Amino acid sequence: MTGAIKAAVDTVLERYRRDPHYLVQILREVQEACDWISPEAIDRMQEVMRLPRTKIEGVAGFYSFLYTRPRGKYRMLFSDNITDRMLGNMELLDYMCGQLWVERGKTSEDGLVSIDTTSCTGMCDQGPAMLVNNIAVTRLTKPRIDAICELIRAGAPLTAWPAEFFRVEDNVRREDVMLASEPDPGRALTAALARGVDGLLAEIKASNLRGRGGAGFATGLKWEACRNAPGEVHYVVCNADEGEPGTFKDRVLLTSYADRVLAGMTLCAFVVGAKRGFLYLRGEYRYLLDHLQAVLARRRRRNLLGERILGRTGLDFDIEIHLGAGAYVCGEESALIESLEGKRGTPRNRPPYPVTHGYLGSPTVVNNVETFAACSLIARNGGAWYAGVGTEDSAGTKILCVSGDCSRPGIYEYPFGVAVRDVLADCGAADTQAVQISGPSGICVPAAEFDRRIAFEDLPTAGAFMIFDHSRDLFEVARNFVHFFAHESCGFCTPCRVGTSLLRNMMDKLANGHGSPYDFAEIEKMNKILQAMSHCGLGHSACNPVLDTVAKFRPAYERRLEHDEFKPAFDLDRALTAARQMTGRDDAEAHFDARSEESR
Ligand code: SF4
């Protein structure tokens, strides 16, 4: 083992007190120091932490941003959401590969650079985007790619790259009660302390606030269940792992409204009696880490975190930030807790739920970033005030992340109940064919349904609002989403691991001109298997984009059904193209014709 690797690993292990619960953080930081997680680095972790090697390798192998094989010194990952595709990400990726003489998915021979794709990076309003060594670069163009290639060839560190490349804008286009309210870091807590624990919980319940991560569970009931759950130690977790493609509201809340989110976590700790909290930040938002650490430090200085918060004896609470490492499934709350505990992010069996058996088996509240931000508003203004905004079943406002075919992509906050049509008018969308609400696992809304409303009782959403005009092919949209699910399946259960891959292959088969009605029937069969037998929501919803678009945009599929009879996906004649080119032949004998083959 080289001294440099040993020293780097030891420094990281020391920082985390050799605690295996921090294994994901340790692996991530070792990689930041050494470019990859080498066998020597794992040797040292095994020796010092006394963990089985298989455990360390198993965790490192689970997360797509952790590398146990050498990668380029510059690791480029192009964001590959459908909106990035619409903005030309693949042309730019191919262009960059050509400029740097590297094949997609490979590392250059000199070890300088590797280029590949990754799932949506949460920059859909300023794409195409990519991550360079996990730091976001936005608004990619050919001139920007040229400049980046020059910097890479010169070996320039990221700190020497123009700051403009890393600029991430909030793009807040419409404010309502949450985004327009005055920032006032201590006011929510002061108001909550005056009300007391029971009073604050009563206000949260009276507000009818429902979780903003998509499921919509009543926040007050969740806090109450956790508070009443037996156990000495309780925890608060903020789920900032917004991985649903097309969603980027948490990015903005944590950039410009972080005090509100952290205040909401502290209010929750006050109610449930927690002393420790975690903010689980998605790895794609690595660039926010220093900013958030600074906000935490400022809150500690103001006695809004730490011991005896605002002088209240017994109110001791602090927050740590954990960075994810590229696993969509960790957005599921029990998988997130596994990851927080330093394990692979595999969803747990439920029940029991985290409110009784969460982090380290203790009662834990897990809420979304936007939910915590709303709680600080409720603490200030009261539950009745909040319940008066929105609709009867959906109190308050919803932040929408608008992207795709419109002139003003960005963040729009509306009271619940806003019609899809009104959002389209506000963001400058024209000739809209469909809107995908709540990402790939959500709903595709055609033009005939644009009077439908954003609300739990009609169109529930975690926030994504992706717009497609009539120039877009809804089959290709669904195919992109199916590829996403196949890529992000964690592999724990066979129906999802195999089913999502088969589904991806079926969609590719249709795209390659081998589709028949038989394939439709197979897709429906696959949906039933995935819905009935998958372990978590990813598997349950993996067929949604296909079934939804087949039902609403059938011609986009029928165009691809070139055969009445079943055709295999593998095209032998096409596979022989390279051989024909190499031998310079293109005569009839050099082609494989299945019909003539049968008659021989
Ligand atoms: Fe993992 Fe998919 Fe099974 Fe969920 S359904 S546990 S993502 S394999």
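Predicted model: local features only at pLDDT ≥ 70, side-chain atom pairs only at ≥ 80, totals over all residues.
Buried, as the word is used in these legends, means under 20% relative accessible area.

View 1. When its neighbours within four places in sequence are left aside, the contacts of Leu304 are Pro185, Gly186, Leu189, Thr266, Arg299, Ile309 and Leu310. From Leu304 to Asp316 the C-alpha to C-alpha separation is 9.6 Å, the two residues being 12 residues apart in sequence.

**View 2. The open sheet with strand order E8-E7-E6-E9.** Four strands make up this open sheet, and their pairing is parallel. Strand E8 (318-323) and strand E9 (364-368) are the edge strands, each of which pairs on one side only. On average, and with direction ignored, neighbouring strands of the sheet are turned by 20 degrees against each other. Strand E6 (residues 235-240) and strand E7 (residues 276-281) run parallel and are joined by six bridges; for Asn239, the bridge partner in E7 is Tyr280. Helix H14 (residues 369-381) lies across E6 and E9, and runs at about 95 degrees to E9.

**View 3. Ser516 between two helices.** The loop between helix H18 (494-511) and helix H19 (517-533) contains Ser516, which is buried because its relative accessibility is 0%. Apart from neighbours within four places in sequence, Ser516 is in contact with Leu561, His563, Asp564, Glu565, Phe566 and Lys567.

**View 4. The salt bridge between Asp35 and Arg75.** The closest N and O atoms of this pair are 3.7 Å apart. Distant parts of the chain are linked here, since Asp35 lies in the loop between helix H2 (23-34) and helix H3 (39-49), whereas Arg75 lies in strand E1 (residues 74-79), 40 residues apart. With a relative accessible area of 25%, Asp35 is partly exposed, while Arg75, at 9% relative accessibility, counts as buried.

View 5. Asp176 and Arg174 meet through their side chains in a salt bridge, with an N to O distance of 3.1 Å. Asp176 is buried, its relative accessible area being 18%, whereas Arg174 counts as partly exposed at 27% relative accessibility. The side chains of Lys343 and Glu338 likewise meet in a salt bridge, the N to O distance being 3.7 Å; in this pair Lys343 is partly exposed, with a relative accessible area of 28%, and Glu338 is buried, with a relative accessible area of 13%. A search of the whole structure finds 53 salt bridges.

**View 6. Model confidence and residues 594-600.** The protein chain has a mean pLDDT of 94, and 98% of its residues reach 70 or more. Over residues 594-600, by contrast, the pLDDT is below 50, and beyond near neighbours in sequence this stretch has two contacts in the model.

Note on methods: Residues numbered from 1 in each chain as written. Heavy atoms only, no water. Pairing = 2+ DSSP bridges. Axes fitted to C-alpha atoms, helices over the stretch in contact; angles between N-to-C directions. Contact = heavy atoms within 4.5 Å. Buried < 20%, exposed > 50% of the residue type's maximum accessible area, 1.4 Å probe, protein only. pLDDT = per-residue confidence, 0-100. Salt bridge = Lys/Arg side-chain N within 4 Å of Asp/Glu carboxyl O.
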